[in-house]
Amino acid sequence: MPAYQPSVADTVRSLVTKQLNLNGYSQDLRPDDNLWSLGMTSLTCLGLMLSIEDTFEIELPEEALKEATFRSINTISAAVESSRK
Amino acid sequence: MSNPTMRSSDLVSAAGAKRPTKADVVIIGNGALGMFLADELIERQVGSVVVVGPSNRDTGASQAAGAMLGCFGETTTESLRTDAARTRFELGISAHDKWPEALRRLDEFKPSDRPLQTTTESHIILNSVGAELDTVNFAAIIDALDQYDKPWKEVDPTDIPGYNPRTESRALRAIHLPTEGAVDARGVLASLERRLRHGGAILLDQTVRRLVGSDEAVTGVELDDGHLIEAGAVVVAAGIHSESLVRTVFDVPDLMPTFPGLGFAMIAKRTGGEPFTSVVRTPNRGFACGLHVVPQGGGLEYYGATNRLVNTISSVTWMADVRFLAQYSMQQLDERAAIHEVTKWCSGNRPVTLDGFPLVGWMPPSGLYLMTGTYRDGFHCAPLLAEHVANELQGKSGIIDSIFQPMRKPVATRTMEWSIDEYVTHSLAAWFETGAQAAPQMTTSQLTDYYRNMAVQTYEQLGVDYGLGPDILWYAQGNLHGARRVARFLRTFKGDGDVAQPAGATTGTGGTR
């Protein structure tokens, strides 16, 4: 039986939870929740971007370095998937 | 590492050879650094020299420069605080001594009757607009003048020719520096072009697409139309374009990032009132070089300048910068400037390195030399650096400190605590200088707390332990692109020893000011 591999969305959720201090509320976080409405700031977004790139060993394209990319777990996951192609 | 010196056998015919395929030295960049270097090489008759750069110098720093020949007028509290900063400061002093000979060489090639040196003196004014940073930098200027035994005297601000500020912005103090003047940057560049052509150098009105070679050796350049030029040595002196050019053959993570310091200035024709006869300037201010006016000759005056670190190289001008410069020139320098006629908008990109120090020296690929990162005084330092680089190209000893070698760990001049303090000081200065207003019950200490929290959080998110300059910290805080470049570069040195304490540099105490 193959080892469990967390999905991109699961890993993104974990990183977002840590970055936004949402521990305890992680399961309530829906994939399309607006992270900016949940307290993300330009500075915490900065840290999230770096942790996303470090974790997935990717470099997001310059056009992805904008507010909309980090709007939700879904948008972040899409950017990660796109960068891995 | 071996690097070639020039070989006379590689000479191409300069006369009539507009598109050479070979040269002893190809210099990429026709700003002050590249042009003065070419002039020095031609003067030494060491081989064929090709300079590549667009004739309009669009986006370049030199074509937009105020070209103050000032090192003491640029002094800040940081200038002499560490060994490394002092070494950088003394580069400016040495450069100052090179200008009389540089101007003597150029005089017969100047494009008009106007003198290239437009003034030989400066006045530094201290008004209350620029907040505490103005005060401490004004004191630092006087301290530096005394340390180096340079002439200065306190003067009545109302005696400064041309100086006519609004009453509420009038200077509290002023000093006269009789040996720090300015040159006409655009006149100097035009003179260099004429002198170089006369001396046999080839100036190509093009850009370089890529360096030719590998990460072990650079053998030439490819121009934007595909034309190849083989070279004994390639000098990249292309200002803010330099890093990307180097990366066409040598794309390594520990190459020092260089950021565009987009600046705006304007040249205006005086329409009335007493003209300025000297540089009149404030000390360096929040994240920038202070407000200044520089006589240009022919009834023209240069008003400058803004500075903001940006992601993209361009020659755009922000409306906020136009408003800032126009309003404060009228308010703080001469209220009659309101009816002056703007004849030229100057916009350029200063090459700003992550550690704030120039990048001058041979690169790991043989045949490749880098000469950039001079931030706001590349024009002033150009004759000195030309002599240094010409020496090194000829295999002789250089004349500047080895601290500026390009493949270095970032030079450390501040602790994290000091960096945060400095950021707060600059932010407050910018707040008051730009006329920002808070609710009456909000005190300066509350503003201080806000900026301090921003700086602390920025460092937490970046995950770096190198004390950044206030401009770089502001830039990294403000956008994802900048933050990523800063973090990626600094993380390459994590666990790699003493990035915080390189040889020749000492940090400050980290105490608050």
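The model is predicted.

**Stop 1: the side of chain B that touches chain A.** Show both chains. Here 10 residues of chain B are in contact with eight residues of chain A. Now select helix H9 (444–462) and helix H11 (480–491) of chain B; these are the elements that give two or more residues to this side of chain B. H11(B) supplies the largest share, five residues. Colour this side of chain B by class: three residues are nonpolar, six polar and one charged.

Next, show side chains. From H2(A), pick A:Leu46, A:Met49 and A:Leu50; they meet B:Leu480, B:Ala483, B:Arg484 and B:Ala487 of H11(B). In this contact six residues are nonpolar, none is polar and one is charged.

**Stop 2: B:Thr59.** Move to the loop between strand S2 (49–52) and helix H2 (83–106) of chain B, and select B:Thr59. Is B:Thr59 buried or exposed? It is buried, because 20 other C-beta atoms lie within 10 Å, and 20 or more is the cut-off for buried.

Which residues does B:Thr59 touch, leaving aside those up to four places away in sequence? Select B:Ile313, B:Ser314, B:Ser315, B:Gly348 and B:Asn349. B:Gly239 is 180 residues from B:Thr59 in sequence, yet 9.4 Å away in space, C-alpha to C-alpha.

Methods: Residues numbered from 1 in each chain as written. Chains lettered and ligands numbered in written order. Predicted model: local features only at pLDDT ≥ 70, side-chain atom pairs only at ≥ 80, totals over all residues. Contact = placed C-beta atoms within 7 Å. Helix = DSSP H or I, 4+ residues; strand = E, 2+ residues; numbered from the N terminus. Nonpolar A, V, L, I, M, F, W, Y, C, P; charged D, E, K, R; others polar. Buried ≥ 20, exposed ≤ 12 C-beta atoms within 10 Å, placed from the backbone.
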